[in-house]
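Please look over the chain shown here before reading on.

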Amino acid sequence: MTKKKKAYIIVKKQSKEKVMDRIYLDHAATTPLDREVLEKMTPYLTEYFGNADSPHAVGRRAMNAVDAARDRLAARLNAKPNEIYFTSGGTEADNWALRGGAYAQRERGRTHVLVSAVEHHAVLAAAEALRAEGFSVDYLPVNEGGRVALNTLKAALRSDTGVVAVMLANNETGTVQEVKELCRIAHDNGSLFFADGVQAAPHIPLDVKALEVDMLSISAHKFYGPKGCGALYVKGGVRVKGLLVGGEQERGLRGGTTNVPAVVGMAAAYEKNLREMATANEKISCLRKLFLDELATLDGVEVVGEEGVSAIVNLRLHGVSNVDFVYNMDLLGTSVAAGSACASASIKPSHVLLAMGLSDGAAKECVRFSLGKENTEEELLRAAAQTKSLIKKLRG
Ligand code: PLP
């Protein structure tokens, strides 16, 4: 073996070890693919590679797997298989729900859209795209804890409100909204209700009938499934326009060759995550408490937002820039976030925190720690010790 090749292998090995050694506290950004899930996916990447729409045996084999994945996912969500549409992830599902729902509602003369001010960018940007097309868009404010009050929705609804979007769990604070109650209010007004369930899916058993929502989005990579795969639930009888044309897939509403291994992986990951949820949630709650107890002796550290999903802990570190903190934690070997992953390249303060009443300066002192099922006590103790010493250093 050449010297160069040997050196390359060593560097590769080191960088692999480094990732394994790191403390990963950014599960709201993404989770690792579960190995059992990978095993279920592998045959559909290799021997059963067929295009699910091909009418021959190779295609039918793939389609059987897609059908089985749809049936299983639907059963776990308490939906019917034909109410589940596969997408390329949460962003597509969110875009589809809001825009596809709004286009269908426009045909009933309803061109007003209401979205909460703390939605993910996928929903906010979709709302702005609708505005540019002539829809009227309003944002539902939240209280200090990050919740949309029921009266706020009542007051904001108009006779021409077509779609209301309020997410289940927030990706920056973990705060959970009163979706069922909000949904009932929207329905009394004849409006559709969409809930982004992307951050709730890993931690809350979702039951679309109990929630009473018309549409709900999920994304596989948030619950140890593959990236680039999600689903939109659309209640039977609810009309949404498709956004992607070019194929008859997903009952003609979402063109594009079905990502067979990914949907197989998503269904398997959702089922496994659901099976392990109670145990994982209990463990994560204990780890959260341990972490916060360790930091309790520090002045100027406070939890931001009402607790909902325990896995997400948003902390305001007074006098500390979140960008500096995240950078320095990374150097120490711990991955945390200064906001949502999609906005982390921006130094703008988080729109979620501003909507909750924080000033620009305060929002730039907030850091998100998001825990996962494989984190350990030792890791959280180490992360707390790093946090303490970094706060001291950065307040300097
Ligand atoms: N909605 C929420 C609440 C999210 O947290 C995310 C991802 O962070 C998305 C939507 C987008 O999902 P995806 O990464 O699958 O496009």
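## Helices H10 and H13

In this predicted model, the contact between H10 and H13 is formed by Asp324, Phe325, Asn328, Met329 and Leu332 on the H10 side, which meet Ala383, Gln386, Thr387, Leu390, Ile391, Lys393 and Leu394 on the H13 side. By class, the residues of this contact divide into seven nonpolar, three polar and two charged.

Two packed helices are described by the angle between their axes and the distance between the axes. Helix H10 covers residues 322–332 and helix H13 covers residues 377–395, and the two pack at an angle of about 130° with their axes 10 Å apart.

## Helices H3 and H9

A second pair is made by helix H3, residues 57–77, and H9, which pack at an angle of about 30° with their axes 9 Å apart. That angle is under 35 degrees, and H3 is therefore roughly parallel to H9. H3 passes H9 in a left-handed crossing.

From H3, the residues Ala62, Ala65, Val66, Ala69, Arg72, Leu73, Arg76 and Leu77 take part, and they meet Val260, Val263, Val264, Met266, Ala267, Tyr270, Glu271 and Leu274 of H9. The residues of this contact comprise 13 nonpolar and three charged, with no polar ones.

Gln249 lies in the loop that runs between strand S8, residues 230–234, and helix H9, residues 260–295.

When residues up to four places away in sequence are left out, Gln249 touches Asp53, Arg254, Gly255, Gly256, Thr257 and Thr258.

## The chain as a whole

The chain has 13 helices and 12 strands, and buried residues make up 52% of its 396 residues. Of the contacts in the chain with a separation of 6 or more, 74% are between residues 24 or more positions apart.

Along its principal axes, the C-alpha trace spans about 65 × 60 × 35 Å. How does the radius of gyration stand against what a compact globule would have? For 396 residues a compact globule would have a radius of gyration near 21 Å, and the chain has 22 Å, so the value agrees with that of such a globule.

How values were computed
Residues numbered from 1 in each chain as written. Predicted model: local features only at pLDDT ≥ 70, side-chain atom pairs only at ≥ 80, totals over all residues. Heavy atoms only, no water. Helix = DSSP H or I, 4+ residues; strand = E, 2+ residues; numbered from the N terminus. Contact = heavy atoms within 4.5 Å. Axes fitted to C-alpha atoms, helices over the stretch in contact; angles between N-to-C directions. Parallel < 35°, antiparallel > 145°, perpendicular 65-115°, else oblique. Left-handed = near helix turned anticlockwise from the far one by under 90°. Nonpolar A, V, L, I, M, F, W, Y, C, P; charged D, E, K, R; others polar. Rg over C-alpha atoms; globule rule 2.2 N^0.38 Å. Buried < 20%, exposed > 50% of the residue type's maximum accessible area, 1.4 Å probe, protein only.
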